[in-house]
Amino acid sequence: METTTRSSAIRDGLGVGLAVGLSGLAFGAAAVTAGLSVAQACVLSLFAFTGASQFALAGVVAGGGSLIAGAAGALLLGVRNTLYGLRLADLLDARGWRRLPVAQGVIDETTAVALAQPDGESARTGFLVTFASLYLTWNATTLLGALGTSQVADPAVFGLDAVGPATFLAILWPRLTADDPETRSLRAVAAAGIAVALAATPFTPPGVPVLLAALPVLALVLRRPR
Amino acid sequence: MSVWQAVVAVCLGCYALKLAGLSAPRRVLDHPGVRRFAALVPVALLAALIAVQAFTHGQALHLDWPRTAGLGAAVVALLLRAPFLVVLAAAAAVTALLRLAGL
């Protein structure tokens, strides 16, 4: 039983890590198309290592927007990793110096895989496998995508722009369809998050709508503390 | 601000934000409201991320038909309990084919 959940955590982690890691191709291509150098694209993937923030910065560079606003928007998007870290701190049980490398892995995908596991041991396994496979793939494909951009004129031709949202959908799906008393409130929270983000999009800079999606959760928690 | 300065600022800031969450005092997590908030908030943010990546372009709401159909294909694959990679491949393939067809 224990080996089954552990190997399923490894399978989940490898699946997510390799598949999402491939979209580093899209980032490398987008970054260089936006006017970042190959080195700048690679430094972002190595050290920022959080896709949405990286895409946000590249988008602002491409649009010729203010770099300060671009950096601020990228950081605002990164705030959700702080919330994931809060959630994962107990689960991962990373203390002292071990927190330093583990922190780099606290992102959407690793959090989703870790939280989808039935117990702490497989959660830690899922986190580490996702982190390792995603980190390696994401950085390798960033380099390839950046170098190959002159050949691949438009990643949209290959439908790569649909991979990002499809990834998050696939990650969220089991939590929204589970046979669980909590499922109904999770669905409501997801729907509210979508509504708020889309409603805020025309009125706030890129990056902010996704953050505002946390507000309905705040309202729910304050209304019915448990 | 040069592009390199922006890149370094984003790298340092993003790492600091991740570390801050892991390092927050345990007291913070002992509060049931914080616990519930931290449990629910990824669902809201991930859902919002899907909507924003799929249905907006900059600050405009924007329906890209091939991409939306690609997401539809992902939903069908998920309903059929397809493996993760098949879900992503279905989304990319349908989007690419519709673009090829000139939609």
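Predicted model: local features only at pLDDT ≥ 70, side-chain atom pairs only at ≥ 80, totals over all residues.
Residues are numbered from 1 along each chain as its sequence is written, and chains are lettered from A in the order in which they are written.

**View 1. The side of chain A that touches chain B.** Here 82 residues of chain A are in contact with 64 residues of chain B, where two residues are in contact if their C-beta atoms, placed from the backbone, lie within 7 Å. Helix α5 of chain A, residues 67-92, supplies the largest share of this side of chain A, with 19 residues; helices (H or I, at least four residues) are DSSP runs, numbered from the N terminus. By class, this side of chain A has 58 nonpolar, 16 polar and eight charged residues, with Ala, Val, Leu, Ile, Met, Phe, Trp, Tyr, Cys and Pro counted as nonpolar, Asp, Glu, Lys and Arg as charged, and the others, Gly among them, as polar.

**View 2. Helices α9(A) and α4(B), one from each chain.** The axes of helix α9 (residues 163-177) of chain A and helix α4 (residues 65-79) of chain B come within 10 Å and cross at roughly 25°; axes are lines fitted to C-alpha atoms, for helices over the stretch in contact, and angles run from 0 to 180 degrees between N-to-C directions. The two helices α9(A) and α4(B) are therefore roughly parallel to each other, a description used for angles under 35 degrees, whereas those over 145 count as roughly antiparallel. On the α9(A) side, A:P165, A:A166, A:L169, A:A170 and A:W173 meet B:G70, B:L71, B:A74 and B:L78 of α4(B). The residues of this contact divide into eight nonpolar, one polar and no charged.

**View 3. Helices α7(A) and α8(A), packed within chain A.** Helix α7 (residues 108-116) and helix α8 (residues 120-148) of chain A pack at an angle of about 155°, with their axes 8 Å apart, and α7(A) and α8(A) are therefore roughly antiparallel to each other. The contact is made by A:E109, A:T110, A:V113 and A:A114 of α7(A), together with A:A123, A:G126, A:F127, A:T130, A:F131 and A:L134 of α8(A). These contact residues divide into six nonpolar, three polar and one charged. Helix α7(A) is mostly covered, as seven of its nine residues are buried, a residue being buried if 20 or more other C-beta atoms lie within 10 Å of its own, exposed if 12 or fewer, and partly exposed in between, with C-beta atoms placed from the backbone. Among the buried residues of α7(A) are A:D108 and A:A112.

**View 4. The loop between α4 and α5 of chain B, with B:R81 and B:A82.** Phi of B:R81 is near 60°, a positive value in a residue other than glycine, and B:R81 counts as exposed, with 9 C-beta neighbours inside 10 Å. In the loop between α4 and α5 (84-100) of chain B lies also B:A82, which is partly exposed, with 16 other C-beta atoms within 10 Å. Leaving aside its neighbours within four places in sequence, B:A82 is in contact with B:A77 and B:V87.

**View 5. A:D93 in a loop of chain A.** A:D93 has its place in the loop between α5 and α6 (99-104) of chain A, and its phi is near 55°, a positive value in a residue other than glycine. With 12 other C-beta atoms within 10 Å, A:D93 is exposed.

How values were computed:
Parallel < 35°, antiparallel > 145°, perpendicular 65-115°, else oblique.
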